[in-house]
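User: I would like to learn how to read a few features of a model. Please take me through them one at a time.

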Amino acid sequence: MRTVLYLVQKEFLQIFRNKFMLPMLLVMPVVQTILLSYAANYEVKNLSLGVVDHDLSPMSRQLVATFGASGYFTVYNTVFSSKIADADLARDRTDLILEIPPHFERDYIREGAGKVAITANAINAVKAGLAIGYANNIVRAYSLSHASPVAVNRPPAAIQVEYSNWYNPLLDYKTFMVPGILGEIIALIICFLTALNIVREREVGTIEQLNVTPIHKWQFILGKLLPFWMISLVMMTVGLTVGWLVFRIPMLGNLWLVFAYTLVFAPCMLGIGFLISNFAESQQQAMFTAWFFLLIFILMCGLFTPVDSMPEWAQWLNTINPVKYFVEFMRLVLLKGATFADIQQNFFTVLGYAAVVNGLAVWTYRKRV
Amino acid sequence: MQTKSIKAQNLSKAYGPVEAVKNVSFDVRPGEIFGLIGPDGAGKTTLFRILTSLLLPDTGQASVDGLDVVQDYKLLRQRIGYMPGRFSLYQDLTVQENLQFFANVFGTTIEKNYALIRDIYVQLEPFKHRRAGALSGGMKQKLALCCALIHKPRVLFLDEPGTGVDPVSRKEFWEMLRRLRDSDITILVSTAYMDEAELCDRVALLQKGEILAIDTPQGITANYQRPLFAARSDDMYRLITDLRALEPGADCYAFGEYAHLALAATATRPTTSTRPTTSSRRTSNAIPKIQQYLETKGHTNIEVLNTTATIEDCFIELMHN
């Protein structure tokens, strides 16, 4: 056990001496949490709106003004020809065209119904979907507040939906993103560091010197994993502090549970890094291999797109994605206040995962060259 | 068993189709500096790795300090010190941290075995807070030796310690090795430098994974049986090609500022004891002949001398057979 302590001590000496390492460990979680949480934004704002107003009535102008005042749209121009509007859309000057037909106001007042056309540039399907959704809401709200005198006598729409968003009432995407991003960053950094650190010993040749010492395999491995295990806790603390100070993310669940979970999750990523290092001969190889897996893990972890809406095979594939479990856990505990009983299946899955990965890594690690 | 410090029997190791070590056997006596001499790629490092338990031989057996390198590798690692050919200490740790680390790992302290490394460490002491990566080649080597010695090994393995080190540091290094041998540590050292070979107690000449000869350096040079001359002129390159064509079996190669010319051994091969006289007799009439030959080839400033064989000459001779 003392040998392990010496190895850990040596590792920390090297980590703290590395000018690059400490800033990376502390600055990276802070910067990424702040940057990604603001940038990885699901809200679409400042959509550029092209208006084709064939009516030019007070009502049509009011409708356009409502769009402009909504905060989602800025009116790019008002033209009288659909052709010009289409050309603007094609040249990417506008994202959306609102076309108001002639006699819009007259028909609305006389007949109690009006029609407008909305055309969206769906190159970015997410953006187009959201834009049409916003536009729909605006038009509906407008028609409710400017009920046609004819329509007043009719019953309003039969079914009205009243909705509320639980656990994130204002649908604040930051509340949703920050816990996930924390998980992602910790997974990323410690997996990388472990893989690169072990391969470095091989690349520089120090492993050859270590291998002729009486250090046992398990001592070497523990000596490598323990420092980064501890670092994962530090990163978690820093990340949560930033989340709390900057984003005021809710922390409904028990924070001890979060740290306890980190202690189980970290070995998972450490083990993957360690496993990669066993098969890589150079830091470059380790880097690319780690990237390959981490990119898949991160894109599929549910941070950016919901796991439930992925095809079945992808969901099945996701059962071996450790980051998915972490992101899920973080959201459940921080936003929903889940207790251990609620997340125990997740907890034990990750525990088992860590055991398997590390078992494999130990098994494939060879002290002889 | 204990009469031999290192015992290698029929060791072979192949990397795919490349046979790095072929059926190599040799013994090293306790308290001996034994040199493995050979050019790059001769199989020296592979042999070292087998003997330090880092590599499993395909066939053959080896024991170090009475311990089998395959079965008893755990015990063995306590008793050997290994200095790999490449500097393998932590470049980002200081001199002292490196030494402390290796002492710790071997379950000992610097103080306990300080006597053994004192001579070397005093030279490092002024730099003890410097990072190992910032040391000069000679200093790095001394630190590596300290780290390999800190647990008082019974057998020391030094893989090409002279490479990348200036001549003065190399000389000092060998003086240290002699002192270590006197404190009863067996040393196996590999080198591609022939001048270092002469400093060993015994050497094995290694070529393409095979041992060509094992003897004391003196024994090896004494076995050299061809008349040997050193020659030079203004045009060394042409001199060497011309001398190779002097007679069938003549061999000529660059050797410092001279070219060494080895003539074919005479059919009536003299015995070792009478060799000097026979040699000088042959030399006396051979030198004018060579000089004359070179003059006809148009060489200027010709100088032809009688010379005695070094390990390098023996090596080249053995390689060509």
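User: Which element gives the most to the lining of the largest cavity?
Analyst: β6(B) does, with three residues. Bear in mind that this is a predicted model. Both β6 (80-83) and α5 (137-149) of chain B supply at least two lining residues each.

User: What lines the largest cavity?
Analyst: Residues of chains A and B line it. From chain A come Q209(A), V212(A) and T213(A). From chain B come I80(B), G81(B), Y82(B), F102(B), F106(B), C147(B), A148(B) and H151(B).

User: How many cavities of 30 Å³ or more does the structure hold?
Analyst: One. The largest cavity has a volume of about 50 Å³.

User: Where are S53(B) and D65(B)?
Analyst: Both sit in loops of chain B. S53(B) is in the loop between α1 (44-51) and β4 (59-64). D65(B) is in the loop between β4 and β5 (67-68).

User: Is S53(B) buried or exposed? And D65(B), buried or exposed?
Analyst: Buried means under 20% relative accessible area. S53(B) has 0%, so it is buried. D65(B) has 4%, so it counts as buried.

User: Where is T109(B) found?
Analyst: T109(B) is in the loop between α3 (95-105) and α4 (114-124) of chain B. Its relative accessible area is 35%, so T109(B) is partly exposed. The C-alpha atoms of T109(B) and I150(B) are separated by 7.9 Å, though these residues are 41 apart along the chain.

User: Why does V27(A) count as partly exposed?
Analyst: The class lies between buried, under 20%, and exposed, over 50%. V27(A) has 44% relative accessibility, so it counts as partly exposed. V27(A) lies in helix α2 of chain A.

User: Last, how is chain A divided into domains?
Analyst: Domain 1 covers 2-40 + 170-364, and domain 2 covers 47-152. Taken over C-alpha atoms, the centres of these domains of chain A are separated by 48 Å.

Methods: Residues are numbered from 1 along each chain as its sequence is written. Chains are lettered from A and ligands numbered from 1 in the order in which they are written. This is a predicted model: local features need pLDDT of at least 70, side-chain atom pairs count only at pLDDT 80 or more; totals for chains, interfaces and linings use all residues. Side-chain values use heavy atoms; hydrogens and water are left out. Domain bounds come from an automatic or database domain assignment. Helices (H or I, at least four residues) and strands (E, at least two) are DSSP runs, numbered from the N terminus. Buried means under 20% relative accessible area, exposed over 50%, partly exposed in between (1.4 Å probe, protein chains only). On a 1 Å grid over the protein atoms alone, a cavity is a set of points where a 1.4 Å probe fits but cannot get out, and a pocket is an open set with protein on both sides within 12 Å along at least five of seven lines; lining residues have an atom within 4 Å of a point. Grid points are joined across faces, edges and corners, and a volume is the space filled by probe spheres set on the points.
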